[in-house]
Amino acid sequence: MTQSKKSATKVAVPVLVAAAVGAVAFSTTWTGAQQPAQSPQQRPAAAPERPVAQAQLADPDDPGTWKLPIEAYMLTKTQARLVAGSRDDLLDKCMADAGYPAWTPAPDLPEIGGKTLTDWRYGIHDAALAAKRGYHPDDAEQKAYDAAMEAGAVDKSGADDGVLRSCVSKVDGQVPATTAKAALVQQISGDAFLQSEKAPDVVAVFAQWSSCMKDKGYTYAKPMDANDDPRFNDPNTVTSTEIATAAADIECRTKYHVEKTWFDAEAALQQAAIAQHQTELNQVKADTAQIVAKAKTAAR
């Protein structure tokens with residue numbers, strides 16, 4: 001589900017404490033009659049290590065098309081829709097069987113603001129949209145989102161909460177919403193974002209951006225300070241001041257390549273964390289594949 005831009009830019013995840021992991025090698029030689037000892041030449045070669053996931057840039061000029069390394073362990077949009085749709089169908093059937101045929105899952109919320117993990121992750125970057133909406137999402141997107149929220153706010157079926165919890169538990173057993181280790185993926189993503197702001201290259205480019213903004217008459221220390229300016233928080237109001245600020249913001253971001261510098265720093269941090277937790281993340285990927293397979297089966 002894509003969040004609105006105001007909530008999506010505030011990351012509140014505990015900082016990951018990096019722990020040194022010591023590798024202990026065990027060498028065992030069996031000299032029994034059934035398995036003779038092997039010489040180094042006879043022993044099978046060790047399997048090559050899987051390379052750490054890489055960052056990707058489909059369009060170097062569009063941050064919305066960039067992919068961070070941790071995304072290799074997340075559901076794709078298509079997979080997420082499949083899993084959510086299968087769970088909704090199963091939940092709807094369970095509630096109907098329990099005597100609540102009028103109950104239906106809350107409607108899927110339409111996309112608003114950033115459309116990918118990196119779109120708006122580092123702030124606004126679409127000059128044409130900013131010229132109309134400043135730091136706000138597209139007006140049509142906002143209205144569609146608000147309407148969907150209102151439509152799904154109240155359940156009028158009179159369904160019993162206990163029955164609903166029972167059905168949710170049943171569906172979890174058929175098509176889980178996430179893997180048991182999925183929290184690690186979100187932790188790495190959140191921690192890297194927070195830590196990246198302290199990377200030397202990012203600190204330097206923030207200072208350049210801040211100086212550029214000051215030359216234009218705006219006083220902000222960091223790009224997200226402009227994005228989160230309380231004067232621009234009203235979802236129903238876009239002022240000329242906001243539009244002018246957003247335009248200056250994007251000009252300064254573009255001049256000093258703020259997004260790319262920030263992205264590179266975060267990608268490096270993610271790769272280090274992925275390497276540290278590679279075994280666990282490989283299990284996340286395997287578990288995710290099983291969930292998708294279950295969702296496909298349930299959808300038939």
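Mentor: A residue counts as exposed when its relative accessible area is over 50%, and as buried when that area is under 20%. The model discussed here is a predicted one.

Trainee: Does His257 count as buried or exposed?

Mentor: His257 lies in the loop between helix 9 and helix 10. Its relative accessibility is 53%, and the cut-off for exposure is over 50%. His257 therefore counts as exposed.

Trainee: What is the phi of His257?

Mentor: Most residues other than glycine have a negative phi. His257, which comes just after helix 9, is not a glycine, yet its phi is positive. The value is about 55°.

Trainee: Where is Trp120 found, and is Trp120 buried or exposed?

Mentor: Trp120 also has a positive phi, near 75°, in a residue other than glycine. Trp120 is found in the loop between helix 2 (77–97) and helix 3. Because its relative accessibility is 10%, Trp120 counts as buried.

Trainee: At what angle do helix 7 and helix 9 pack?

Mentor: Helix 7 covers residues 200–215 and helix 9 covers residues 240–256, with their axes 9 Å apart. The two helices are oblique to each other, and their crossing is right-handed. The angle at which they pack is about 135°.

Trainee: Which residues in helix 9 are met by helix 7?

Mentor: From helix 7, the contact involves Val205, Gln208, Trp209, Cys212 and Met213. The residues of this contact divide into seven nonpolar, two polar and two charged. On the side of helix 9, the residues are Thr245, Ala248, Asp249, Cys252, Arg253 and Tyr256.

Trainee: Against which helices do the buried residues of helix 9 pack?

Mentor: The buried residues in helix 9 include Glu242, Ala246 and Ile250. Thr245, Ala248, Asp249, Cys252 and Arg253 are buried as well, and these five also take part in the contact with helix 7. The buried residues of helix 9 pack against helix 3 (127–133), helix 7, helix 8 (223–227) and helix 10 (258–276).

Trainee: How far apart are the end C-alpha atoms of helix 11?

Mentor: Helix 11 has 22 residues, and at 1.5 Å a residue these should span 32 Å. The separation in the model agrees with that expectation. The end C-alpha atoms of helix 11 are 31 Å apart.

Trainee: Against which helices do the buried residues of helix 11 pack?

Mentor: Among the buried residues in helix 11 are Leu281, Val284, Ile291, Val292 and Ala295. Gln278, Asp287 and Thr288 are buried too. The buried residues of helix 11 pack against helix 2, helix 6 (182–196) and helix 10.

Trainee: What distance separates the C-alpha atoms of Ala177 and Ala295?

Mentor: Ala177 is found in the loop between helix 5 (161–174) and helix 6, whereas Ala295 is in helix 11. The two residues are 118 residues apart along the chain. Their C-alpha atoms are separated by 9.8 Å.

Trainee: Which residues are in contact with Ala177, leaving aside its neighbours within four places in sequence?

Mentor: At 36% relative accessibility, Ala177 counts as partly exposed. With those neighbours left aside, the residues in contact with Ala177 are Val83 and Arg87.

Notes: Residues numbered from 1 in each chain as written. Predicted model: local features only at pLDDT ≥ 70, side-chain atom pairs only at ≥ 80, totals over all residues. Heavy atoms only, no water. Axes fitted to C-alpha atoms, helices over the stretch in contact; angles between N-to-C directions. Helix = DSSP H or I, 4+ residues; strand = E, 2+ residues; numbered from the N terminus. Parallel < 35°, antiparallel > 145°, perpendicular 65-115°, else oblique. Left-handed = near helix turned anticlockwise from the far one by under 90°. Contact = heavy atoms within 4.5 Å. Nonpolar A, V, L, I, M, F, W, Y, C, P; charged D, E, K, R; others polar. Buried < 20%, exposed > 50% of the residue type's maximum accessible area, 1.4 Å probe, protein only. Expected span 1.5 Å × (residues − 1).
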